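Have a look at the sequence and the 3D view before reading on.

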Amino acid sequence: MCDDAQICFAEVVAGSAAWLGRGLSCVCAQRRESDARPSFDLTPSEEECLQRLQNRIDIAYDSSIPEHQEALRALWNAVFPEEELHGLISKQWKEMGWQGKDPSTDFRGGGFISLENLLFFARHFPKSFKDLLWKQEGDRSAWEYPFAEAGVNITFMLIQMLDLEAVKPRTVVGAIFLKFLSENESAFDILYCIAFKLMDRQWLAMRASYMDFNTVMKATRCQLEREFLLEDITRLEELPSYSLLTL
């Protein structure tokens with residue numbers, strides 16, 4: 001048992017690659033390498049969209065790249081438009097739920113795409129984004145998940161759930177997602193927003209606290225997979241959980 005709840009919480013929900021590898025292994029159902037898995041053929045359009053998304057996933061966050069610096073500043077400005085950021089390394093970042101004063105150390109598990117996901121969420125669904133950031137809905141627990149770090153882990157969870165690092169999808173859910181992606185190149189970012197809002201809804205329903213984060217993530221993934229398999233779902237906006245988002 002941890003003497004300091006906040007220290008214990010940081011150990012459970014951290015943005016490092018080490019935590020991600022350990023945490024998601026118990027969140028997601030694992031298969032043996034010998035298990036047979038189906039493979040789904042893709043249309044040329046789906047192949048092209050998958051390749052572009054994989055290229056995004058492969059980009060590590062690099063604090064020396066101006067584009068990455070600007071994206072981080074843009075995230076701050078989207079969340080705190082009236083508060084001047086004193087630097088890309090600043091204690092101010094803790095207000096957004098980063099582990100320390102340098103957010104770049106928390107992107108190691110999710111890469112640059114996890115920053116893009118957060119920025120997309122802040123720009124396209126600002127009310128939902130701020131409701132989650134400030135924990136404005138529901139009966140909250142005494143010790144909450146850090147918002148930004150949870151966001152990085154949601155990116156990582158979705159990459160695993162959709163098997164996006166494979167040459168072609170090996171699950172029905174992955175194949176369905178690529179159809180959505182071929183119709184809308186923002187599909188992964190939109191799904192991220194849905195997943196974040198759904199995760200918070202699961203958190204509240206389970207009356208969770210910091211030690212329950214992996215259990216909440218598992219429940220979130222299972223619910224998303226069930227919704228993907230519903231009949232007559234032809235785009236992400238038709239998923240039941242999409243209705244949780246507000247602009």
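A residue is called buried when its relative accessible area is under 20%. Keep in mind that this is a predicted model. In helix α6, which covers residues 126-133, the buried residues are Ser128, Phe129, Asp131, Leu132 and Leu133.

So what do the buried residues of α6 pack against? They pack against α4 (66-79), α5 (112-124), α7 (147-161) and α9 (187-205).

Trp134 sits in the loop between α6 and α7. Is Trp134 buried or exposed, or partly exposed? Trp134 counts as partly exposed because its relative accessibility is 41%. Leaving out residues up to four places away in sequence, Trp134 touches Phe80 and Glu95.

Lys135 lies over the face of Tyr145, at 4.4 Å from the ring centre.

## Aromatic rings

A pair of aromatic rings is described by the distance of the centres and the angle of the planes. Here the count comes to 16 aromatic pairs. One of them is Phe121 with Tyr192, an edge-to-face pair at 6.4 Å centre to centre, with 85 degrees between the planes. This pair links distant parts of the chain: Phe121 belongs to helix α5 and Tyr192 to helix α9, 71 residues apart. Both Phe121 and Tyr192 are buried.

Methods
Residues are numbered from 1 along each chain as its sequence is written. This is a predicted model: local features need pLDDT of at least 70, side-chain atom pairs count only at pLDDT 80 or more; totals for chains, interfaces and linings use all residues. Side-chain values use heavy atoms; hydrogens and water are left out. Buried means under 20% relative accessible area, exposed over 50%, partly exposed in between (1.4 Å probe, protein chains only). Helices (H or I, at least four residues) and strands (E, at least two) are DSSP runs, numbered from the N terminus. Contact means heavy atoms within 4.5 Å. Rings of Phe, Tyr and Trp (its six-membered ring) pair if their centres lie within 6.5 Å; planes under 30 degrees apart count as stacked, over 60 as edge-to-face and the rest as tilted. A charge sits over a ring if NZ of Lys or CZ of Arg is within 6 Å of the ring centre and within 35 degrees of the ring normal.
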